[in-house]
Amino acid sequence: EGLILSDAQLSEPGFAGVVGAIFTEFASREGKARWGEKSPTNLLHISELAASFPESQFIHIIRDGRECAQSVHRRFGYEPRHTILRWKRMIAAGREQGLRIGSKRYMEVRYEEVTRSPDSEMRRICAFLDLPFSSVVVESSMRMVDAHRASEYNRIIENSDKRRTYFTKAQIVTLERIAGSCLAANGYIVDNSQGDENPSRFITRWWATRGRVIETANHFKRWGWRGFPAFLRMVSVAAKQIRAGKI
């Protein structure tokens, strides 16, 4: 079914006005007063988004970079060292821009705390957004692979420390050599709290290229040639990010 918006809904000018109208319409269909967008790379564009959407608020969910590295490698096969390098840079970029727009619009939460104490953390998030708390927000729609880990009511469950069994000790040492200082600064326990290594541009480009080859292969394996238009869009976005120096 196509989406048709009235002139009244499209009263705000510019690209932001169109995007806002579309998301507001979808939110209203679900009986929601507000809408959100959760693309991870939004973190790199907080300043631009804040200017384009003056009423917007930003919730920066910070997860242990070593856990991010294992998750991305397990799911997509990406180089863990590249993932944690990007994690370190994204944390810094997001925080710098977030602090610039102020605490009324920017909030940091820990992924580990949200999954460990969902009720208290979601109450805090709802207060920040000036929304009433509902128990619905601690229910998870994620399909649980391991049925034994799913709670009776599909509530958010703790999901931490997988790196300890996924990576070898040597691999964790390597990851901490790249981002140990950032991990420590965010309250995570590390052996190397001074680690802040930045691999050469040649190495990082190789990691990025290899990751995109894997992503492309997986994309066409799943969608075949039907996925070609989406693939072109992915290439375009990646090229813009590289030119902007965001990744």
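## Where the model comes from

The structure is a predicted model, in which local features need pLDDT of at least 70, side-chain atom pairs count only at pLDDT 80 or more, and totals for chains, interfaces and linings use all residues. Residues are numbered from 1 along each chain as its sequence is written, and side-chain values use heavy atoms, with hydrogens and water left out.

## The overall picture

The protein chain has ten helices and two strands. Here helices (H or I, at least four residues) and strands (E, at least two) are DSSP runs, numbered from the N terminus. Follow the sequence and you get the pattern α-α-β-α-α-β-α-α-α-α-α-α.

The C-alpha trace spans about 60 × 40 × 40 Å along its principal axes. Of the 247 residues, 33% are buried (under 20% relative accessible area, with a 1.4 Å probe and protein chains only).

## H4 alongside H8

Helix H8 covers residues 169-185, and its axis comes within 9 Å of the H4 axis, crossing at roughly 15 degrees. Axes are lines fitted to C-alpha atoms, for helices over the stretch in contact, and angles run from 0 to 180 degrees between N-to-C directions.

The contact (heavy atoms within 4.5 Å) includes Ile-84, Trp-87 and Ile-91 of H4 and Leu-175, Ile-178 and Cys-182 of H8. By class, there are ten nonpolar, one polar and two charged residues. Ala, Val, Leu, Ile, Met, Phe, Trp, Tyr, Cys and Pro count as nonpolar, Asp, Glu, Lys and Arg as charged, and the others, Gly among them, as polar.

## H4 across H9

Helix H4 (residues 80-101) also packs with helix H9 (residues 201-223), at an angle of about 110 degrees and with axes 9 Å apart. This pair is therefore roughly perpendicular. Arg-81, His-82 and Leu-85 of H4 meet Thr-204, Trp-207 and Ala-208 of H9. Three of these contact residues are nonpolar, two polar and one charged.

## A look at Thr-115

Thr-115 sits in helix H5, residues 111-116. With a relative accessible area of 7%, Thr-115 is buried. Leaving out residues up to four places away in sequence, Thr-115 touches Ile-156, Ile-157, Glu-158, Asn-159 and Ser-160.

Key:
Parallel < 35°, antiparallel > 145°, perpendicular 65-115°, else oblique. Buried < 20%, exposed > 50% of the residue type's maximum accessible area, 1.4 Å probe, protein only.
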